[in-house]
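This report goes through selected features of the structure shown below.

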Amino acid sequence: MSAFWALVARDIKLAGRLGGGPFVGLGFFIIVVTMVPFGVGADLDLLSRIGPGVLWVAVLLATLLSLDRLFQADFEDGSLDLFLMSPLPVEAQVLAKCLAHWITNTVPLIIAMPAVAFLVNLDTDILLPLIVSLLVGTPSLSFIGALGAALTVGVRRGGLVLSLIVLPLYVPALIFGAAAGTGDLMGTPMLFLGAFSLASLALAPFAAAAALRISVS
Amino acid sequence: MAKSIQRFANPARFMALSGAVLPWAIAATALTLSVGLYLALIASPPDYQQGETVRMMYVHVPSAWLASAGYASMALACAVGLIWRHPLAFASAKAMAPLGAAFTFLALVTGSLWGKPMWGAYWVWDARLTSVLVLFFIYLGYIALWEVIEDFGRAARATSVFCLAGAVNLPVIRFSVDWWNTLHQPASVARLDGPAIHSSILTPLLVMAVGFTMLFLVLTLVRTRTEIMQRRAAALEMQQAQAGGM
């Protein structure tokens with residue numbers, strides 16, 4: 001278990017020290033949200049109505065942006081080969097990497113959410129359900145993303161294909177997440193979102209580990 | 001060398017068998033499709049409510065059926081390939097992908113053309129339509145993944161893992177019209193208590209469904225044979241290059 005946490009700590013440390021780390025994703029997220037009023041018009045009523053969906057889509061895109069580094073850096077410097085030979089099961093390693101990815105990439109977005117939400121004129125009483133829906137739903141984005149990242153590791157121009165294969169699998173999270181972000185805390189969409197997150201937690205690490213072994217073999 | 005002979009042992013048998021079956025399968029497909037088209041477009045009555053536009057259904061429903069059945073057989077082939085490491089299974093899954101994508105596209109296009117007179121809009125964000133659109137994207141992702149990974153074995157296994165992951169969308173499509181009460185009508189053919197449509201419409205529909213399925217099988221056979229022949233040609237080329245280089 002200590003190896004697991006060591007891997008989590010390593011990835012968090014690396015994310016903080018390399019290339020601006022979480023702030024790139026955060027900046028991208030804020031810019032995407034800012035772009036929306038330019039695109040749909042600055043009607044505050046309309047913005048507050050589409051707010052939860054816009055924020056969810058922006059989180060999803062920011063996550064997507066960070067995915068191709070999930071295994072790529074380790075693949076390039078050879079540490080991925082060493083990881084695959086280590087006694088810690090690959091599935092647990094994927095889990096550790098997803099956890100670190102979620103902490104370094106998604107948590108900053110959720111922390112920034114109250115500040116960003118006013119850009120789309122979000123009702124203050126929707127803010128709490130929205131943040132809960134993000135806390136419940138975004139881990140699934142990291143897990144499914146890990147599968148996509150593992151499939152495309154070592155592939156030239158893999159980032160484009162990564163988005164093509166990962167985005168369709170994100171659709172359920174987006175549907176239930178945006179619906180849960182507007183409703184009550186224990187409503188049906190929130191429960192479905194939780195079920196989706198748990199299912200991806202249970203299945204994706206195995207699929208991603210299998211994909212990693214294939215990609216590196 | 002011994003390994004490559006072993007590898008082609010089964011495909012050789014497949015080539016012989018499929019080569020013998022193929023002409024008959026093509027003839028049967030052409031017959032079924034022409035009978036089905038006659039029944040669907042000429043012999044069957046127009047619907048009392050929808051008029052002549054109901055004929056759209058005879059293309060739409062079989063395409064939609066093949067969109068998901070094609071994906072299901074692809075996922076099955078991928079599972080077989082991953083478990084028993086059978087290159088033939090991978091080749092057939094690869095062959096099925098563009099066909100399934102084409103039928104999915106056809107289902108979406110005919111559905112949207114049918115939607116205009118029925119619902120008043122070419123596209124509505126209905127649960128069934130959306131999940132089939134996602135299926136189309138998954139097909140595209142699968143094909144794209146095949147294209148970017150150069151090594152056949154690695155590409156085959158990676159795409160198979162993705163194909164199996166994408167298969168979770170299939171039950172969502174199947175039950176989307178029952179779970180969410182949306183515009184698309186609920187299942188009326190494959191129901192536990194028997195079909196809910198009249199036989200004058202059901203018969204041409206079933207004939208068309210059989211014809212479409214046979215077309216899918218024939219095209220899958222042809223494409224799998226092409227895939228095997230291409231790999232053979234590549235292997236021969238490699239051999240020749242090696243012999244020449246020595």
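In this predicted model, A:D11 and A:R10 join their side chains in a salt bridge, with 2.8 Å from N to O. A:D11 counts as buried because its relative accessibility is 12%, under the 20% limit. A:R10, at 25% relative accessibility, counts as partly exposed. Both residues belong to a network of salt bridges that also links A:D74 and A:K97. In general, side chains of opposite charge can pair when their charged atoms come close. Over all chains, the count of salt bridges comes to seven.

| Salt bridge | N to O distance |
|---|---|
| A:D11 and A:R10 | 2.8 Å |
| A:E91 and A:R213 | 3.4 Å |
| B:K94 and B:E227 | 3.3 Å |

The side chains of A:E91 and A:R213 meet in a salt bridge. This pair links distant parts of the chain, since A:E91 is in helix α6 of chain A and A:R213 is in helix α9 (residues 188-216) of chain A, 122 residues apart. A:R213 has a relative accessible area of 41% and is therefore partly exposed.

In chain B, a salt bridge forms between B:K94 and B:E227. B:K94 lies in helix α3 (residues 87-119) of chain B and B:E227 in helix α7 (residues 199-245) of chain B, so the pair ties together parts that are 133 residues apart in sequence. Are the two partners buried or partly exposed? B:K94 counts as partly exposed, at 23% relative accessibility, whereas B:E227 counts as buried, at 10%.

**Helix packing in chain A**

Helix α3 (residues 44-67) of chain A packs with helix α6 (residues 90-117) of chain A at an angle of about 150°, and their axes are 11 Å apart. Because angles over 145 degrees count as roughly antiparallel, α3(A) is roughly antiparallel to α6(A). Their crossing is right-handed. On the side of α3(A), the contact is made by A:L55, A:V59, A:A62, A:T63, A:S66 and A:L67. On the side of α6(A), the contact is made by A:H101, A:N105, A:T106, A:L109, A:M113, A:V116 and A:A117. Sorted by class, this contact of α3(A) with α6(A) has eight nonpolar residues, five polar residues and no charged residues.

A:L44 is also found in helix α3 of chain A. With 48% relative accessibility, A:L44 counts as partly exposed. Along the chain, A:L44 and A:Q93 are 49 residues apart, and their C-alpha atoms are separated by 45 Å.

**Chain B as a whole**

What elements make up chain B? Chain B has seven helices and zero strands. From the N terminus on, its elements run α-α-α-α-α-α-α. Chain B has 246 residues, and buried residues make up 43% of them. Among the contacts in chain B with a separation of 6 or more, 75% are accounted for by residues 24 or more positions apart.

**Helix packing in chain B**

α2(B) and helix α4 (residues 127-148) of chain B pack at an angle of about 40°, with axes 11 Å apart. The two helices, α2(B) and α4(B), are therefore oblique to each other. The crossing of α2(B) past α4(B) is left-handed. From α2(B), the residues that meet α4(B) are B:L66, B:A67, B:S68, B:G70, B:Y71, B:M74 and B:C78. Their partners in α4(B) are B:L135, B:I138, B:Y139 and B:Y142. By class, the contact of α2(B) with α4(B) divides into nine nonpolar, two polar and no charged residues.

B:S18 lies in helix α1 (residues 2-43) of chain B. Its relative accessible area is 3%, so B:S18 is buried. Leaving aside residues up to four places away in sequence, B:S18 touches B:L221 and B:R225.

B:R85 lies in the loop between α2 (57-84) and α3 of chain B. Phi of B:R85 is near 55°, which is a positive value in a residue other than glycine. Is B:R85 buried or exposed? B:R85 is exposed, because its relative accessible area of 57% is over 50%.

Terms used. Residues numbered from 1 in each chain as written. Chains lettered and ligands numbered in written order. Predicted model: local features only at pLDDT ≥ 70, side-chain atom pairs only at ≥ 80, totals over all residues. Heavy atoms only, no water. Axes fitted to C-alpha atoms, helices over the stretch in contact; angles between N-to-C directions. Helix = DSSP H or I, 4+ residues; strand = E, 2+ residues; numbered from the N terminus. Parallel < 35°, antiparallel > 145°, perpendicular 65-115°, else oblique. Left-handed = near helix turned anticlockwise from the far one by under 90°. Contact = heavy atoms within 4.5 Å. Nonpolar A, V, L, I, M, F, W, Y, C, P; charged D, E, K, R; others polar. Salt bridge = Lys/Arg side-chain N within 4 Å of Asp/Glu carboxyl O. Buried < 20%, exposed > 50% of the residue type's maximum accessible area, 1.4 Å probe, protein only.
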